[in-house]
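Colleague: I am new to this one. Could you walk me through the structure, a question at a time?

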Amino acid sequence: MGHHNYEDAIKGVYKGLFLLAAVTLVEVFFSLAGKGYIGFLGFLEHASWAVYVVGFALIALSLYKAYFIVYEFMHMGSEVRGLRMTVLLPTLLLVWAVVAFFQEGGSWKTRRDVIKQRNEIQVKQVPQTGSLIKELPTNDI
Amino acid sequence: MATDTSAVAHANDAHSDESNWDGGTQPFKVSYGKLMMWYFLLSDAFTFAGFLIAYGAIRFSSPSWPVPDFVFRTAPFDNLGLGHETPLPLIFVTFMSFLLIISSVTMVRAVQEGHRENKNGVVFWMLLTVIGGAGFLGCQAWEWTNLIGAEHMTVTTNPFGTHVESGAYLAGDGHGINKGDTFEVGDSYLIHKGDDGYNQLPYMTTSGEEKQQAFGPKAFGALFFFITGFHGFHVFSGVAFLLIIMLNAASGLYVERKNGYEMVEKIGLYWHFVDLVWVFVFLVFYLL
């Protein structure tokens with residue numbers, strides 16, 4: 001932000017390149033480590049907490065990359081407050097969308113299991129005794 | 001129009017509401033074009049978010065989901081000369097990410113040279129940006145060709161499955177799986193396609209049941225092709241607009257405007273946004 005000096009501005013750009021590339025490499029490393037590809041971290045594949053820790057780290061690093069691109073490369077940092085807010089505040093709505101739809105997804109999963117289960121329930125033939133409804137011969141239906 | 005004296009008194013005051021509403025001032029201190037580019041990008045962000053959230057919701061609703069580092073483990077030139085059996089998880093797509101990051105950086109340089117009214121600098125850095133974007137598209141074309149042509153994934157068929165129980169294969173597929181090979185819960189597999197259709201291998205579970213490899217969740221292929229396709233379409237349009245604006249810049253059109261190559265700045269915003277979206281596509285499709 002506020003690079004008035006041309007040489008400083010150029011230096012800032014290459015610092016940005018290094019930063020984004022480094023964060024991307026760290027992300028790939030975390031992702032592969034979480035799946036047990038990195039030799040000495042192989043135990044993570046079977047650790048139940050690893051998926052949450054790695055997932056959280058990946059999401060945090062990606063949000064940092066997004067912040068860097070918007071604020072430094074797109075110069076959002078040097079725009080006036082009103083413009084920043086009109087663009088950034090609406091994206092907060094997505095937080096609710098993520099929470100709600102992921103919750104919904106989880107619910108579909110359990111519903112799907114229930115539906116599958118109920119589909120397999122066999123109808124039991126109960127002999128009808130003393131029924132008021134006269135049983136029709138099958139060829140009448 | 002109000003013509004009372006107070007309005008006249010405030011007419012020259014840049015901070016008064018009356019003069020703001022009279023037009024001619026920019027409340028956000030950016031041009032109309034740049035402001036509208038920001039709002040277009042905001043709306044585009046919602047479109048992509050809709051796609052990615054749908055991916056998340058469907059993934060959460062499925063009992064199993066293809067593991068990304070199993071699906072995306074190939075690279076051009078027969079896995080960079082290492083052969084088919086050597087998996088290269090996420091390596092090729094990391095290279096694609098680097099291409100987009102680098103082209104984003106060259107775009108920043110083009111905008112900087114524009115501010116200095118340096119025509120040759122603008123054209124040079126925009127050309128590098130175009131090359132980066134075209135390189136990314138080329139990589140994506142290879143990735144799609146491999147998925148469709150070699151691995152036979154379609155919008156409605158997903159041959160990438162995950163074992164939900166442990167067991168041993170009763171037949172081999174000639175692609176690395178031999179008869180008698182064992183597998184565990186959570187192991188991934190690719191159902192290969194031969195002359196007589198998909199070859200779903202039979203296997204015996206540890207509990208003694210005889211079963212057949214099942215196809216993976218159907219939605220995976222459709223989501224992959226639609227989301228990466230929609231992003232690729234953005235890259236393609238970006239490259240086209242970059243080319244047009246680069247040629248305009250080279251012809252000296254923006255020299256006469258004397259506005260610090262604002263058109264380059266606007267396409268720059270769009271191009272960074274394409275990179276920004278890729279950060280999230282990369283996150284949800286490949287990393288998580």
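Modeller: Gladly! Let us start at a turn: in the hairpin of S7(B) and S8(B), with 4 residues between the strands, B:Gly208 has a positive phi near 90°. Strands here are DSSP E runs of at least two residues and helices are H or I runs of at least four, numbered from the N terminus. This is a predicted model, in which local features need pLDDT of at least 70 and side-chain atom pairs pLDDT 80 or more, while totals for chains, interfaces and linings use all residues. Residues are numbered from 1 along each chain as its sequence is written, and chains are lettered from A and ligands numbered from 1 in the order in which they are written.

Colleague: In what order do the 4 strands of the open sheet in chain B stand?
Modeller: Two strands pair if DSSP finds at least two bridges between them. Strand S2 (residues 167–169) of chain B is joined to S7(B) by 3 bridges, and S7 (residues 202–205) of chain B is joined to S8(B) by 3 bridges too. The pairing is antiparallel, and the order is S3-S2-S7-S8.

Colleague: Which strands stand at the edges of that sheet?
Modeller: An edge strand here has a single partner strand, so one side of it is left without a neighbour in the sheet. That describes strand S3 (182–183) and strand S8 (210–212) of chain B.

Colleague: What is the bridge partner of B:Met204 in S8(B)?
Modeller: B:Met204 is itself the bridge partner of B:Ala168 in S7(B). Along S8(B), B:Pro202 is partnered by B:Gln212. For B:Met204, the partner in S8(B) is B:Glu210.

Colleague: How many residues does domain 2 of chain B give to the contact with domain 1?
Modeller: Chain B is divided into domain 1 (32–155 + 219–287) and domain 2 (160–212), with bounds from an automatic or database domain assignment. Their centres, taken over C-alpha atoms, are separated by 36 Å. Residues are in contact if their C-beta atoms, placed from the backbone, lie within 7 Å. Domain 1 of chain B gives 10 residues, and domain 2 of chain B gives 7 residues.

Colleague: Which helix of chain B gives the most to the side that touches chain A?
Modeller: The contact takes 41 residues from chain A and 39 residues from chain B. Helix H3 (32–61), helix H6 (91–115) and helix H10 (262–287) of chain B each supply at least two residues of that side of chain B. With 11 residues, the one that gives the most is H3(B).

Colleague: What share of the 141 residues in chain A is buried?
Modeller: Chain A has 4 helices and 0 strands. A residue is buried if 20 or more other C-beta atoms lie within 10 Å of its own, exposed if 12 or fewer, and partly exposed in between, with C-beta atoms placed from the backbone. For chain A, buried residues make up 15%.

Notes. Contact = placed C-beta atoms within 7 Å.
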